[in-house]
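Open the structure in your viewer and get your selection tool ready. This tour goes one stop at a time.

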Amino acid sequence: MAYSERSQAYREKLQNGEYDLGWMQVNSEWGVRATPGKRGLTLDDINVGSYGVIPKDTSDSLSFAPRGADFDPAELPDMGYELNTDAEAWAQNMSGLYEEAVARQWSSTRDVPWHTLEPLPKDMEHAMSQVCTFLTEVEFVAGDVPGWWLNKVNNAYHETKLFMATQIMDEARHLEVFRKRALANGGGLGKCPPEVEEGLKYIHDLRSFPQMLARMNLFGEGRVLTLFRLGELIAQNEVEKTIFRLCAQDESRHLAFGCLQLRYLIQEDPDRIEEIQEALDVAEQRTMELGSTPEQVEPFLILLGGGVEHMDKGQEKFAFIRKKMVQEYLQRCHSIGIDRQDRCLLKGAQDITLL
Amino acid sequence: MFTFPSLEWFQELARLMNEHDVPYRRLGYADVRWAVEIQATEPDQLTHLFVFVFEEYGCKSVQACEPDTQPEVAFTMRATLGTWEEMIRNIQKNKGPDLQHTLNYLTLPDDPIYIDAPDFLSRDLFARYGQTFQLFFNGAIQVPTTFTS
């Protein structure tokens, strides 16, 4: 019976004062009573019985129907989801990461002591404004990319989708807070060089989910996390310290998401390692080609050194931070099951001792 | 008065966290088992190891362990007694750490505080809950302390 005919038949039934109630004969697990824990009812708490069984492959079921519901996939629309296996779209602890993201949200309007901002020397304000402009661009792509992938993830893996939604929200708050900082203290937005934009476009254009996770979450967010932790060193006031500290916590969560997903994929399907390695090859190559422009480097030298006259001092600290980024990146690759050191193109990679 | 380092000193930090949880609630919960190692640098000093269990917005337990044990923790913050003392004195003096004495600053170059972890992803938990750990140590402002060295 066509859908419209079924609907028409039911309307007639209703007009005759009859009810159907056939939907109560539901072929899903009934009598479930998920028990809330101390902090309320979490996603893990409701993963009980059949509802907590994560399917290995859902490529025959591409509708909006939620995991555990009673439905016939053949009767439902095909939404064209592309990530339909647990290896690609799920990992341990996704629900925990989601709950943590929800619990650790903050507000750029409320939680940053904006009223304490005081004018900075012009060179320092220029530098901070340029850094904020750069980070705003970065945060745009960090939100746009998971946004693009969100509707590729099969709904059976709702924990992953939910976490990605929090990541989009986090990145929205980050671009909001960096834009606010650029406009709050007598400066303004700075330059957007084509090298930065080209580097970011590459992430945007990736059409393999693991490659995107490798490029953006593992490689990119890892570098940004180091930058945010460095932020405390370049911060000139409590406003900037607060911004960088809070953003670092979020970024660390995004990094964990990418790393946990890639680690699980590698465990389940080791043949995908080369695909990930290739994305990292290009990421490193792009960083070597595009990552050194005056707009990207000099503001950090000014802020680290303490002014235009002390950029030399900043160079030393900046070199340390670059080395730290490479070291942490290689450590994370190692941790998720990728041996990257011998293949890494980044400066100094071969000299690093993995912990 | 509480002596640093001692189990009682850290238990007092934990008590403060548990009894004044509003700022921790603002930051969001942190579920993590972690440790602090206070390394002796002089012959008359002892190395101390304390294991903490953070759950939700509080510290569920603090335990002293033998220094040569390997507790099951996400990571251990390792530093010399002198480093810990300086950090705590700074927090107490300034009613919060100055820029050179935050946990982030002291750990970023891996020296003077080193974050030791069995796995690099568990090491990242230090950054993920960074402000919760900082708030925990900021509790030292409220702890009348005598230092052993």
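Select B:Asp119 and A:Arg263. These two residues form a salt bridge. Their closest N and O atoms lie 2.9 Å apart. Keep in mind that this is a predicted model, so that distance is computed from predicted coordinates.

The rule finds 8 salt bridges across the interface of chain B and chain A.

Next, color the helices of chain B. Which elements give two or more residues to the side that touches chain A? They are α2 (22–27), α4 (103–107), α5 (120–123), α6 (125–128) and α7 (130–138) of chain B.

On one side are 29 residues of chain B, in contact with 39 residues of chain A. The area buried between the chains is about 3000 Å². Carbon and sulfur atoms give 49% of that area. Now pick out B:Tyr29, B:Leu108 and B:Arg128. Within chain B, these three lose the most area to chain A, together 25% of what that side buries.

Last stop: color chain A by pLDDT. Its mean is 95, and 99% of the residues in chain A reach 70 or more. Find helix α5 (residues 158–183) of chain A, which has the highest mean among the elements of that chain, 98. Then find helix α6 (residues 194–205) of chain A, which has the lowest, 91.

Definitions and conventions. Residues numbered from 1 in each chain as written. Chains lettered and ligands numbered in written order. Predicted model: local features only at pLDDT ≥ 70, side-chain atom pairs only at ≥ 80, totals over all residues. Heavy atoms only, no water. Contact = heavy atoms within 4.5 Å. Buried area = accessible area lost by both parts, 1.4 Å probe. Salt bridge = Lys/Arg side-chain N within 4 Å of Asp/Glu carboxyl O. Helix = DSSP H or I, 4+ residues; strand = E, 2+ residues; numbered from the N terminus. pLDDT = per-residue confidence, 0-100.
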